[in-house]
Amino acid sequence: MISYFSNELTTTRQISDLRFGIPIILGSNGTYEMIIAIEPLNEETFQKILEYNNSSDLKPYLAITKNRANFLKARVYDGNIARLKLPTPISFNWIKSTADPSEDFEYPLKGPYYSLREGNSNISKVAINFCKKAELLPAALIVPINSKELTELKKSGFIYQKISKNFDTKRSSDNLSLISSGRVPIPGGLNSKVSVFRDLNSLTEHYAIEIGCLDLSQPILTRLHSACFTGDILHSLKCDCGEQLSATINKIQIEKSGVIIYLNQEGRGIGLANKMRAYKLQDSGLDTFEANQRLGFNDDERDLSIGSRILKKLGINQIKLLTNNPSKITAFEDSGIKVVKRLPILSKETKENKLYIKTKKDKSGHFF
């Protein structure tokens, strides 16, 4: 099994490796840890890790988020994550069922759980962050490695290339690049242009849709919209996203100009696969936020500051914002975009989306 390690300036390849089920190694100064994302972990890889671990004095453990740990009744000593000791013998099914809540209602949880308290948790926190960026379940198997073992692993071909020492995953202001722009005719007769921006760390692409002729001396009618495959494409009745997107386009056409920032952050940033996991949990009675927390995520994993960075690249510094979400107003104003006016974007409440809308109102303060 071969693992590739990217250089110290980027984490893109490491995140990609985790998504493909390939272990990565992080560390420095004689302290290293092998990271394996739980979601793509298979029996073959698991057995190879066990073979290695049988000859090591260092014990592997499972890193999960605070939200998941709270549900499992596991103690949290490391801020927003918990490090769980593995049972003896180490069980593939135990690891999978602890990390993945999809079977929580069908099968009893495999507790009690015992959390690690000593040692440095920094690499574990990075591992969870990488899993989130890869849109995987936020859970990782962590295998400590010393310098001697690292050398032996390299000789055996188990790993190769450079170990990443710089694993600061904070977003910088210059990691968003304009890739291309093109005219796209849409109904209504107004000229429109779509610009594609790429996050150079995660390679995720986000879009700016400029409709009509923008007068940058005036506040621009703006909608910050997160991708919703089920709502925007399938017109799902479970949410109001598709209806809000259509209403935005109609409003811009009436006003003759405006911009839509379309962020590829499905399911409040957890990705479509995890969103479908959350939907299954919602079918059992949980609301949107409760389902995300059961999966181990925060209520909202989106990076709304991307919208401000895109607007600035378009030369837009003041806007009239179409939103019901106070967090979007805060995100723009905190990053230097002046929100001159908030305009509501209301949708019809139905029996299918009633709980969804109520949850947004009660738990995140949406204006309705």
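Visitor: What makes E6 and E7 paired strands?
Guide: In this predicted model, seven bridges join E6 to strand E7, residues 192-199, and the two run antiparallel; since pairing requires at least two bridges between the strands, E6 and E7 count as a pair. One of the residues involved is Ser 177, whose bridge partner in E7 is Arg 198.

Visitor: Why are E6 and E12 said to stand at the edges?
Guide: The seven strands form an open sheet in the order E6-E7-E8-E10-E9-E11-E12, with mixed pairing. Strand E6 (176-183) and strand E12 (338-343) each have a single partner strand, so one side of each is left without a neighbour in the sheet. From one strand to the next, the twist averages 25°.

Visitor: Why is Arg 268 called buried?
Guide: Arg 268, which is placed in helix H9 (residues 266-269), has a relative accessibility of 14%, and because buried means under 20%, Arg 268 counts as buried. Its phi is positive, about 55°, although Arg 268 is not a glycine.

Visitor: How do you know that His 235 is exposed?
Guide: The relative accessible area of His 235 is 53%, and because exposed means over 50%, His 235 is classed as exposed. His 235 lies in the loop between helix H7 (229-233) and H8, and its phi, near 55°, is a positive value in a residue other than glycine.

Technical notes: Residues are numbered from 1 along each chain as its sequence is written. This is a predicted model: local features need pLDDT of at least 70, side-chain atom pairs count only at pLDDT 80 or more; totals for chains, interfaces and linings use all residues. Side-chain values use heavy atoms; hydrogens and water are left out. Helices (H or I, at least four residues) and strands (E, at least two) are DSSP runs, numbered from the N terminus. Axes are lines fitted to C-alpha atoms, for helices over the stretch in contact, and angles run from 0 to 180 degrees between N-to-C directions. Buried means under 20% relative accessible area, exposed over 50%, partly exposed in between (1.4 Å probe, protein chains only).
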